[in-house]
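Please read the following note alongside the sequence and the coordinates.

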Amino acid sequence: MRTIIEPFRIKMTEPLKLISREERIKALDKAYHNVFLLDAEDCCVDLLTDSGTGAMSVQQWAAMMLGDESYAGSKSWKKFESTIKKITNIKYVLPTHQGRAAESILAQTRITQGDIIPNNNHFDTTRANIEFAGAQAVDLVCDSGLDAKLDIPFKGNMDVKKLEHCITTHGREKIPFCMITVTNNTGGGQPVSLENIRNIKAVLNKFDIPLVIDACRFAENAYFIKEREAGYADRSLLEIAQELFSYADAATMSCKKDGLSNIGGFLICNNEQWAEEFKNALIMREGFPTYGGLAGRDLEAIAVGLMEALELDYQVYRHATVLYLSDRLEKTGIPYVRPAGGHAVFLDAKEFVPHIPQSQYPGIGLVNSIYIEGGVRGVELGSVMFGRIDDSGKETPAALELVRLAFPRRVYTQSHFDYLIEVIEEVWKNRGSISGYQITYQPKYLRHFSCHFKVIR
Ligand SMILES: *Cc1c(COP(=O)(O)O)cnc(C)c1O
């Protein structure tokens, strides 16, 4: 059969309601035109994020009932730890309540003022944690990763020459570790090849710099490697993941992504000294090292979820969903980042609404129009999220102005996607009437979550 079906059926439903267009306009006004400030129940199809929004399997729910809530050394912790060790073969495992807690502990213990941390593209919370610790977060993604139209297999790769240049310019002593984000969320959910990671590792080894993998979507990245990288077609996703982690000295993880869970994360490393410092920070902030801010039942759900994310039929279905949307955009000529990423489709706002200058946040214009048109919530990944503001208040726009439509895992069916396609096509038809925005309030860090906008008429 040609049709790829959802490899699950639905046992429990959650009602969706679609409020009227007038109500949506009112709701967005009340939210200061920032979709992060909307009530979730006013969003009919919520594609704000794939983080923690997935549906758990019967196996995960069943495992949760086995949750051992002992403060120290629980059975659930042992399952969590052994699953992570099986996938990563990394020695020390520290549970955290989500990915950014792992990043925060890493940054606070390993960074000194004035350090430089390279990455393909830092995710927003990673960047914030690194900068808060006094370092500079540098993005070294390959040039093709910045070209939204180029359809090549591994656009998440780091430019190894840029990495070497970065190290020789700043000096090894300024770089306590280098990161690589798989898949590259900020750059459009694009995968990183194992060949690239081996090359990065070779450069880092020359300078004795540890590699930290931001592993949030390690299973999706493993699927792309199986599909696209020569020599991996016959390897299981688990084997590919194991090879990926064999190059890592440490990793941060949000289990809200490829942990297929609604909360959780971890920080892992091979270095005993690092582990000791991580543990001390963890106890102070997150909890005892065998639960780290999570309930025993969460540890259970994650242990099952991490393995389910590596099931081939799940990844095949998930990828088919992404392609279902991107193929339709392709046919209509709607600009999006090619090839489609692993967890989302990214509309190219610069091309979609070329009449809005970057200083007026084209991504926000597009996100808000999509919400008003169909009650669908996406998110801007552009100058609001990644624009740099210097001390004089001058703003440098982001390289790309994207609108991310992230796919919660195992949540929406094909008819939801048909509806979504209709909504986007309607917005595309009327794109000339979309307005730019200006910011009327913003906090110092991670402004996109809470800033206020005003329409520019
Ligand atoms: C989500 C995410 C994080 C942060 O994880 P949280 O669980 O949201 O704190 C870090 N890096 C990447 C690439 C992510 O996608």
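This is a predicted model: local features need pLDDT of at least 70, side-chain atom pairs count only at pLDDT 80 or more; totals for chains, interfaces and linings use all residues.

Does Asp-208 count as buried or exposed? The first point takes up this residue.

1. Asp-208 counts as exposed, because its relative accessibility is 59%, and exposed means over 50%. The residue is found in the loop between α7 and β6 (211–214). Its phi is positive, at about 60°, although Asp-208 is not a glycine. Most residues other than glycine have a negative phi, and most peptide bonds are trans.

2. Backbone of Tyr-361. A positive phi also occurs at Tyr-361, where the value is near 55°. This residue sits in the loop between α13 (349–352) and α14 (362–374). With a relative accessible area of 5%, Tyr-361 is buried.

3. Cis peptide bonds. The bond that runs from Val-182 to Thr-183 is cis, and its omega is near -25°. Thr-183 belongs to the loop between β5 (178–181) and α7 (194–207). Arg-338 and Pro-339 are likewise joined by a cis peptide bond, with omega about -15°. Pro-339 has its place in the loop between α12 and β9 (344–348). The reader may wish to inspect both sites in the model.

4. Ligand contacts. Around the ligand there are 15 residues, and the closest are Arg-100, Asp-214, Arg-217, Ser-254 and Lys-257. An N or O atom in the side chain of Asp-214 is 2.7 Å from a nitrogen atom of the ligand. Arg-217 places a polar side-chain atom 2.8 Å from a ligand oxygen atom. For Lys-257, too, a polar side-chain atom lies 2.8 Å from an oxygen atom of the ligand. The ligand taken alone exposes 370 Å², of which the protein buries 98%.

5. The most comes from α4, with three residues. By residue type, the shell divides into two nonpolar, seven polar and six charged residues.

6. Aromatic pairs. The count of aromatic pairs comes to 15. Phe-8 and Tyr-317 form an edge-to-face pair, because their ring planes stand at 85° with the centres 5.3 Å apart. This pair links distant parts of the chain: Phe-8 is in the segment before α1 (21–30), Tyr-317 is in helix α12 (residues 312–332), and 309 residues separate them. Phe-8 is partly exposed, at 29% relative accessibility, whereas Tyr-317 is buried, at 7%. Ring pairs also join Phe-8, Tyr-314 and Tyr-317 into a cluster.

7. A pair within one helix. The rings of Trp-77 and Phe-80 have centres 6.0 Å apart and planes at 35°, so this pair is tilted. Both residues belong to helix α3 (residues 75–88), and because they are three residues apart, about one helical turn separates them. Trp-77 counts as buried at 8% relative accessibility, and Phe-80 counts as buried at 0%.

8. Charges over rings. Lys-257, one of the closest residues to the ligand, lies over the face of Phe-123, at 5.4 Å from the ring centre. Arg-410 lies over the face of Tyr-314, at 5.9 Å from the ring centre; Tyr-314 belongs to the cluster with Phe-8 and Tyr-317.

9. Leu-16. This residue lies in the segment before α1 and counts as partly exposed, at 44% relative accessibility. From Leu-16 to Thr-252 the C-alpha to C-alpha distance is 34 Å, and the two are 236 residues apart in sequence.

Methods: Residues are numbered from 1 along each chain as its sequence is written. Side-chain values use heavy atoms; hydrogens and water are left out. A residue is near a molecule or strand if one of its heavy atoms lies within 4 Å of it. A polar contact is a pair of N or O atoms within 3.5 Å; within protein, one must be able to donate a hydrogen and the other to accept it, and residues adjacent in sequence count only if both atoms are side-chain atoms. Accessible areas come from the Shrake-Rupley method with a 1.4 Å probe; for residues, only the protein chains shown count as cover. Helices (H or I, at least four residues) and strands (E, at least two) are DSSP runs, numbered from the N terminus. Ala, Val, Leu, Ile, Met, Phe, Trp, Tyr, Cys and Pro count as nonpolar, Asp, Glu, Lys and Arg as charged, and the others, Gly among them, as polar. Rings of Phe, Tyr and Trp (its six-membered ring) pair if their centres lie within 6.5 Å; planes under 30 degrees apart count as stacked, over 60 as edge-to-face and the rest as tilted. Buried means under 20% relative accessible area, exposed over 50%, partly exposed in between (1.4 Å probe, protein chains only). A charge sits over a ring if NZ of Lys or CZ of Arg is within 6 Å of the ring centre and within 35 degrees of the ring normal.
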